[in-house]
Amino acid sequence: TTIKDSLKDPQRLGRFFQDGKTALRNANVVQAIMIEFPTRIKNKGELLDFLDWEGVPHELCEAFVEGLYWREPRSINRSTDRLISLFLKYERLRDTTLNVLVALSVKPKHPFNFKSLDKFLTNQTLIERDLFWTEYLRRRRSETPLRILIWAEHLASRTPSKEFARAYVTVLKWFLASTQRGLRDRVTHALFRIGCAEPAALFNETVRSLSVNDPYVSERMLAASYGVAMATWQDRSRRYFKRTLSAYAKKLFSLMFTRDAKYGTTHILSRDYAQHTVQIALMGDEQLRTKKERRLITPPFRYGGLREWKEAEDKDRGQYRSGDDPLGMDFANYTLGRLTPGRSAYGDTVPDYQQVKKQVLWRIYDLGYSLEAFSQIDQTIARFGFYEEQRGRENIKTERYGKKYAWIAFYELAGYLWSAK
């Protein structure tokens, strides 16, 4: 009651918090008070909890969120968590809130550190995360993700501490969900460089990434780790690396190649990266696997991943507009055509091709794709992609979400068909 009275009294804090307009006229002072407030009341809430207003202006909410940069980590309390969760639900406040959370995520000791971000994103479905997080990365209304990437690249040029390496690897892992191939390539290279300095940080997070429901993430994590294995396995000055690589290879084998492997996959890229990583480890430690076990990492692969492919008709045929077709003409003809040897270009009536197309469509729907969810976004991406092509800037082109799911299905089906030969 005393705090609320003070916030209403024009001779006290009410001078700044009489109403929303008054607060906005004194925005800088108000933000400073909000930063200090939790510490002064022994972390029993946030100043916003004590305002008897019908509504809080979104500008004041933004000032509160941006003030988190300057707060002592120990001042974060349950009320802070509640307000952040609330702001993330509002589109007008979402990007501002995410900018702050991403920046704080690489501070290992902060309550909103990489573990918090990782838990939040892990608990989302693939579709939820793409509409929420991947869209945040695509819109780039802030340069915060790019700054994190630049910091990671700078960090990799030195020898990072284990805790900072783990923080950056975990956060960068989620950048790999992006549909911007240029960004994914750059992040993969940054992960590789950090992994060369701190291989255990990258290897451990790669193992954890296998449980992520977005194959875009685990595929590139496996790629970065494979690169580290290739670059470092013969370096005799780093004897500990042999042990680290052996431990990582054992986990990959158990989780991806045994008959009942928890994360076995037919994704041809992910499987190849993992297979060759295990083989590199074997060159340094021939006792790592028995001959029987080695056969499990030798093609053709008979176990793991999606082995029962169903078929589906195009449920949205005739409804596509302005580039929102998940397959698209070129992908459907040339890319999928690679899975049906002997088919000529535009040979749409070939039975094997028809089957492949239906299998890919089934898998896209199985992943959760729907035209209703992604049509407007994909039309926007297609329109801007055309402009970028006309300007000769295809290197920064963003893929449509429908195409992301089509690529996942393509590589999984390619690995299945190759193993079935």
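A residue counts as buried here when its relative accessible area is under 20%. With that in hand, welcome to a short tour of this predicted model. Helix H13, spanning residues 199-209, is mostly covered, with 8 of its 11 residues buried. Elsewhere, the structure holds 22 aromatic pairs, and aspartate 378 is buried yet has no salt bridge.

**Helix H13 and its surroundings**

- The buried residues of H13 are Pro199, Ala201, Leu202, Phe203, Glu205, Thr206, Val207 and Ser209.
- These buried residues pack against five helices that you can pick out in the model: H8 (114-122), H11 (162-175), H12 (181-197), H14 (215-232) and H15 (239-256).

**Aspartate 378**

- Look for aspartate 378 in helix H20, which covers residues 371-390.
- For this buried aspartate 378, the nearest side chain of opposite charge is arginine 400, 4.7 Å away; a salt bridge would need a side-chain nitrogen of Lys or Arg within 4 Å of a carboxyl oxygen.
- Setting aside neighbours within four places in sequence, aspartate 378 is in contact with Gly323, Asp324, Tyr369, Arg400, Tyr401 and Gly402.

**Aromatic pairs around tyrosine 405**

- Among the 22 aromatic pairs is a tilted one between tyrosine 369 and tyrosine 405, with 6.1 Å from centre to centre and 55 degrees between the planes.
- This pair links distant parts of the chain, 36 residues apart: tyrosine 369 sits in the loop between helix H19 (351-367) and H20, while tyrosine 405 belongs to helix H21 (residues 401-420).
- Tyrosine 369 and tyrosine 405 are both buried.
- Phenylalanine 374 also pairs with tyrosine 405: the ring centres are 5.7 Å apart and the planes meet at 55 degrees, so this pair is tilted.
- Because phenylalanine 374 lies in helix H20 and tyrosine 405 in helix H21, their pair ties together parts that are 31 residues apart in sequence.
- Phenylalanine 374 counts as buried because its relative accessibility is 0%, and tyrosine 405 is buried with a relative accessible area of 0%.

**Other ring arrangements**

- Phe331, Trp407, Phe410 and Tyr411 are linked into a cluster by ring pairs.
- Lysine 315 lies over the face of tyrosine 365, at 4.2 Å from the ring centre.
- Lysine 404 lies over the face of tyrosine 216, at 4.9 Å from the ring centre.

**Glutamine 319**

- Glutamine 319 is found in the loop between helix H17 (291-295) and helix H18 (329-335).
- With a relative accessible area of 45%, glutamine 319 is partly exposed.
- Glutamine 319 and leucine 371 are 52 residues apart in sequence, and their C-alpha atoms are 9.0 Å apart in space.

Notes. Residues numbered from 1 in each chain as written. Predicted model: local features only at pLDDT ≥ 70, side-chain atom pairs only at ≥ 80, totals over all residues. Heavy atoms only, no water. Helix = DSSP H or I, 4+ residues; strand = E, 2+ residues; numbered from the N terminus. Buried < 20%, exposed > 50% of the residue type's maximum accessible area, 1.4 Å probe, protein only. Contact = heavy atoms within 4.5 Å. Lys, Arg positive; Asp, Glu negative; His and termini not counted. Phe/Tyr/Trp six-rings, centres within 6.5 Å; stacked < 30°, edge-to-face > 60°. Lys NZ or Arg CZ within 6 Å of the ring centre and 35° of its normal.
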